[in-house]
Amino acid sequence: MHHPIDPKIDCVFKALLGSESNRALLIHFLNAILDSALPAPIT
């Protein structure tokens with residue numbers, strides 16, 4: 001049986017977005033969430 005990884009779980013969120021190797025993923029995530037609140041995208 002396959003169980004998907006739930007990104008709402010703190011340790012999963014940190015593993016996905018808290019490592020230097022996933023920096024581009026974090027930047028993309030922040031730009032998607034904060035799009036209307038930012039004057040320009042995060043680079």
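Buried denotes a relative accessible area under 20%, exposed one over 50%, and partly exposed a value in between, with a 1.4 Å probe and protein chains only. This is a predicted model, in which local features need pLDDT of at least 70 and side-chain atom pairs count only at pLDDT 80 or more, while totals for chains, interfaces and linings use all residues. Residues are numbered from 1 along each chain as its sequence is written, and side-chain values use heavy atoms, with hydrogens and water left out.

Q: Why is isoleucine 33 called exposed?
A: Its relative accessible area is 57%, and the cut-off for exposed is over 50%; isoleucine 33 is therefore exposed.

Q: What makes phenylalanine 13 and phenylalanine 29 an aromatic pair that is edge-to-face?
A: Rings of Phe, Tyr and Trp (its six-membered ring) pair if their centres lie within 6.5 Å, and planes under 30 degrees apart count as stacked, over 60 as edge-to-face and the rest as tilted. Here the centres are 5.8 Å apart and the planes are at 75°, so the pair is edge-to-face.

Q: Which helices hold the two residues of this pair?
A: Phenylalanine 13 is in helix H1 (residues 10–17) and phenylalanine 29 in helix H2 (residues 23–34), 16 residues apart. Helices (H or I, at least four residues) are DSSP runs numbered from the N terminus. Isoleucine 33 also has its place in H2.
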